[in-house]
Amino acid sequence: MSGAVAMQGIEPWSKKKAGTILAVIAGILLSVCILGGKVGIVFALLILLMLTGIPVSIALGLTVLMFMYLLTQVPVEAVALKLFSGIEKFEIMAIPLFILAGNFLTHGGVAKRMIAFATSLIGHWHGGLALAGIIACAMFALVCGSSVATVVAIGSIILPAMVKQGYPKAFGAGVIITAGSLGILMLPSIPKVIYAISTNTSIGALFLAGLFPGILLTVMLCGTTWVLAKKNGYPRMRKASWKQRWTAFRKSVWGLMLVVIIIGGITKGIFTPTEAAAMSAVYAFLISVFVYKDMPLSKTPEVLKKSAALSAMLLYIITNAVLFSFLMAHENIPQAMADWILNKDLGQAGFLFFTNILLLLAGNVMEPSSIILVMAPILHPAAIRLGIDAVHFGIMIDANMEVGLCHPPVGLNLYVASGISKMSISELTVAVMPWLITMLVFLVIVTYWPGLSLWLPKAMGLM
């Protein structure tokens, strides 16, 4: 519905204009095939299939099958074997388990208690309720791992409250869209798991590496919000007493304890990141049903069904991306592209700048999981050969994915916020701009300050 509203007023292309555009695209793809050799053919096929509107996951699989059957001698059995063996990794189990944990937390009353605690701390500042929303998003992100779940859980509560207090709806939506992106930067994160699987990087190190960048982005988003709120005279709340703050903390502590379980368990070697995901799911179920009692036991099958559906979608994308990675490895494409990049003498700074531009452009047409699965195996070898740490590189990619979630045409946070706020995508695109600029500044900081990401995992002995 929101997409239709956003498209109102756009005139349909004439046949002549459409034909010209298609001819230009065909010419570009043909040039890519001729100049790029096998590399060009692979990516031209992938782009052509995506332009037809086919989902990225299916486009990846079809690209592999078409290329291998027509241009290689790889036996069919090898493709079939890779299709099943490619996801036989213990680490992949973390994805459905974190999704399940996030759904239990979303339905179990954890979010509203975190909002109450955050409001008691800073609600009396300029734009207090908006600031509380950002802090609540950061706290929820520490235990969730999904940006969409963070926007739904916090946004559905805080946005109506902000409008009721007199905040412009666009201001509240802009806050929630960008703060919700913290869901994939803080401790557990589905994109981090996917990057780790794609590049054989430590999942535990990636989890901890996102903590300080996440705190920095939280502070920067709060700073932008405070300046705008003070400038426009947005409402402030009555200052809470220390007794009220203690009560709010005591009620939210069960949810916050999940942070201690994840960090403590991984750093002390009690369990692996995948086992931490299982612990998170069980713990989230227990506090949602038996401690907070906001989710009745009868609702458990519905939560399990939703989690299974989302997990199946992500695992299907991963399966096809594994096939695509198999094709690239068979044709030696990552090494060839790494050699090409290194021959350009970009250096570390130039390569990181080039990578950011590439990922930001990819964020316009693909969602985070697909981008990581396609781009990480290609860019990672070049990064390693340039002396860039794999964990730092992963956090930088994660920060890029955050930006992609907050702008059209495929920014998932925009569409979720559109459903909550009943605003069009075009209205939300304008509303989110001040915080989006802040996120781009943050991306530069994360890119060229590796110590921000690497200090904590090194201090905890995970690197």
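Q: Which residues of α20 are buried in this predicted model, and what makes them count as buried?
A: In α20 of this predicted model, the buried residues are N413, L414, V416, A417, S418 and S421. The word applies because a buried residue has under 20% relative accessible area.

Q: What does α20 pack against, and how is the packing described?
A: Helix α20 (residues 412–421) packs with helix α9 (residues 169–180) at an angle of about 140°, and the two axes are 10 Å apart. An angle and a distance are given because two packed helices are described by the angle between their axes and the distance between the axes. The crossing of α9 past α20 is right-handed.

Q: Which residues of α9 and α20 meet?
A: From α9 come K169, I177 and G180, and from α20 come N413, L414, A417 and S421. Of the α20 residues, N413, L414, A417 and S421 are also listed as buried.

Q: Why is T438 called buried?
A: The relative accessibility of T438 is 10%. The cut-off for buried is under 20%, so T438 counts as buried. T438 lies in helix α22.

Q: How do you know that the side chains of T438 and T224 are joined by a polar contact?
A: The distance for this pair is 2.7 Å. A polar contact needs a pair of N or O atoms within 3.5 Å, so 2.7 Å meets the distance limit. Leaving aside neighbours within four places in sequence, T438 is in contact with M220, L221 and T224.

Q: Why is L440 called partly exposed?
A: L440 has a relative accessible area of 35%. Buried means under 20% and exposed means over 50%, so 35% falls in between and L440 is partly exposed. L440 lies in helix α22 (residues 433–448). Not counting residues up to four places away in sequence, L440 touches L360 and V403.

Q: How far apart are L440 and N400 in sequence and in space?
A: They are 40 residues apart in sequence and 8.6 Å apart in space, C-alpha to C-alpha.

Q: Which members of the largest nonpolar core touch the most other members?
A: Of its 147 residues, these are F140, I154, F171, F351 and F393. Helix α7 (residues 128–141) gives the most to this core, with 11 residues.

Q: Why is this core said to lie between domain 1 and domain 2?
A: Domain 1 (19–74) and domain 2 (89–93 + 111–241 + 307–462) both give residues to the core, so it lies between them.

Definitions and conventions
Residues are numbered from 1 along each chain as its sequence is written. This is a predicted model: local features need pLDDT of at least 70, side-chain atom pairs count only at pLDDT 80 or more; totals for chains, interfaces and linings use all residues. Side-chain values use heavy atoms; hydrogens and water are left out. A nonpolar core is a set of buried Ala, Val, Leu, Ile, Met, Phe, Trp, Tyr and Cys residues joined through side-chain atoms within 4.5 Å. Buried means under 20% relative accessible area, exposed over 50%, partly exposed in between (1.4 Å probe, protein chains only). Helices (H or I, at least four residues) and strands (E, at least two) are DSSP runs, numbered from the N terminus. Domain bounds come from an automatic or database domain assignment. Contact means heavy atoms within 4.5 Å. A polar contact is a pair of N or O atoms within 3.5 Å; within protein, one must be able to donate a hydrogen and the other to accept it, and residues adjacent in sequence count only if both atoms are side-chain atoms. Axes are lines fitted to C-alpha atoms, for helices over the stretch in contact, and angles run from 0 to 180 degrees between N-to-C directions. A crossing is left-handed if the near helix is turned anticlockwise from the far one by less than a right angle, and right-handed if clockwise.
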